[in-house]
Amino acid sequence: MEVGIEKLWVYPCALSLEIAELCAARGLDAANFRGRLLCEQRSVMSPFEDVVTLAVNAALPMLDAADRDAIRLLIVATESAPDQEKPVSSWVHHYLGLRSDCRNFEVKHACYGATGALQVATGWLLSGLDPGAKALIVNADHALIGLEGPQEPVLGAGSMAALVSTQPRVVAFEPGWNGVHAHEVADIFRPAPGFETGNADESLMSYLDALEASYDAYVARVGQAVDFDRFFAANIYHVPFGGLAQRAHLRLARRELGLSKAEAERHWARKSEASLAYNRRMGGVYGAATFVALAGLVDTSATLMPGDRLGIYAYGSGSCAEFYSVTLASGARETIADVRLRQQLDARRPLSIAEYEACERSVFAATCARDFDTPIDLVPGLYQSHYEGQNKLVFRGTRDHYRSYSWT
């Protein structure tokens, strides 16, 4: 039995911010963030969006009636949930119109959650207990308020949805070829609603150490010699920011192939750079990052062919990391082209610094608020241009903590 991703969709929010403009406003070196960290733009949450709307608006466009009828498992991964008891998946299940016998739950493991959910879904489908069933995996997240903080230019927001089935059209998984490395570390964490803290340097080192350990575990599971250059047609890495994904590839390429720094950089350009086509325009999108990178790779790589093997590295603070492989399915290019992600990114409404700061403060104010009314005119004309008549779910506010949503 073959299991993999049948459909994939990405929702990049309705607003964007130019990193060069943000750096100019903060007195930061734009060349560093754009040239070394590989950040060009970031997606920004609008007042009409929260984690629930991000999740629903990522899944809705790709699902037809047959998909909704076949989905028996829904897992939503997020570290930005508005409630500590009611799962985001319950709202997503409702607004997507899924069957009442669809098992659903929410998972949290920083940026690893969606990959962990994917592996759970894969094992369930491989069991064959529910022939013809499909699983829906969603990751939705946004940065907490980071105005004038050191990581502000690499933050972001967005969501992805992956329909997993025995009819893969994007990628097929290679069951058992997974290398996992878990260890406890307090690198980046959210100890209270609306608050994020940690040690960025420790997180970077944990990410890179776990890369080597999970890759070694992957090679052991494959059970044969793995030539890092020939075994994989391309490589994808978790993308807190593009520069770290590049550094990850350089570390493995130099260790495995004995390359010089210049040779490793050329190897990265050939094997992995295309995967950052969309991540560098969205900023950090947490657990969705490797899936956005997959879309970018499929959309922009001129050399990928059906059957090619891709190596994928996922990492979540806390921590758990996984290196696994997939093979490109025959319908990958057409399926990803249907997402029109480049057009979605181009269609976002650019923000001024003042508008961006107002939006960030609005999202922060709505976090766990007892009573909150969505400010409809915070960005003039936004509702009319990016929501009205487009069948999107929007956040209307809270009353006594009860959340309110509506369709546009």
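Which helix is Ala-24 found in? In this predicted model, Ala-24 sits in helix H1, which runs over residues 19-26. Ala-24 has a relative accessible area of 62%, so this residue counts as exposed, the cut-off for that label being over 50%. Val-185 is 161 residues away from Ala-24 along the sequence, and the gap in space between the two is 34 Å, C-alpha to C-alpha.

Stepping back to the whole protein, the model has 15 helices and 17 strands. Its radius of gyration is 20 Å, close to the 22 Å that the globule rule gives for 408 residues, so the protein is as compact as a globular protein of that length. Taken along the principal axes, the box filled by the C-alpha atoms is roughly 60 × 55 × 40 Å. Of the 408 residues, 59% are buried. As for who touches whom, take the contacts with a separation of 6 or more: residues 24 or more positions apart account for 75% of them.

Now for the holes inside. How many cavities of 30 Å³ or more does a search of the whole structure find? The search turns up 2. The largest cavity has a volume of about 50 Å³. Its lining is made up of Ile-5, Val-171, Phe-173, Thr-290, Phe-291, Leu-294, Ile-312, Tyr-324 and Val-326. Three elements each supply at least two residues of this lining, namely strand E8 (171-182), helix H11 (289-300) and strand E13 (320-328). Helix H11 gives the largest share, with 3 residues. Sorted by class, the lining of the largest cavity has 8 nonpolar residues, 1 polar residue and no charged ones.

The second largest cavity has a volume of about 40 Å³. Among the residues lining this cavity are Leu-38, Cys-39, Val-154, Phe-241, Asn-279 and Arg-280. By class, the lining of the second largest cavity has 6 nonpolar, 4 polar and 1 charged residues.

Is Arg-280 buried or exposed? Its relative accessibility is 17%, and because the cut-off for buried is under 20%, Arg-280 counts as buried. This residue belongs to helix H10, which covers residues 279-282. Leaving aside residues up to four places away in sequence, Arg-280 touches Leu-38, Cys-39, Glu-40, Gln-41 and Glu-273.

Strand E1 (4-11), helix H13 (341-347) and helix H15 (382-386) are the elements that give two or more residues to its lining. Which element provides the largest share of the lining of the second largest pocket? That is H13, with 3 residues. In terms of class, the lining of the second largest pocket has 9 nonpolar, 7 polar and 3 charged residues.

Conventions: Residues are numbered from 1 along each chain as its sequence is written. This is a predicted model: local features need pLDDT of at least 70, side-chain atom pairs count only at pLDDT 80 or more; totals for chains, interfaces and linings use all residues. Side-chain values use heavy atoms; hydrogens and water are left out. Helices (H or I, at least four residues) and strands (E, at least two) are DSSP runs, numbered from the N terminus. Buried means under 20% relative accessible area, exposed over 50%, partly exposed in between (1.4 Å probe, protein chains only). On a 1 Å grid over the protein atoms alone, a cavity is a set of points where a 1.4 Å probe fits but cannot get out, and a pocket is an open set with protein on both sides within 12 Å along at least five of seven lines; lining residues have an atom within 4 Å of a point. Grid points are joined across faces, edges and corners, and a volume is the space filled by probe spheres set on the points. Ala, Val, Leu, Ile, Met, Phe, Trp, Tyr, Cys and Pro count as nonpolar, Asp, Glu, Lys and Arg as charged, and the others, Gly among them, as polar. The radius of gyration is taken over C-alpha atoms; the globule rule is 2.2 Å times the number of residues to the power 0.38. Contact means heavy atoms within 4.5 Å.
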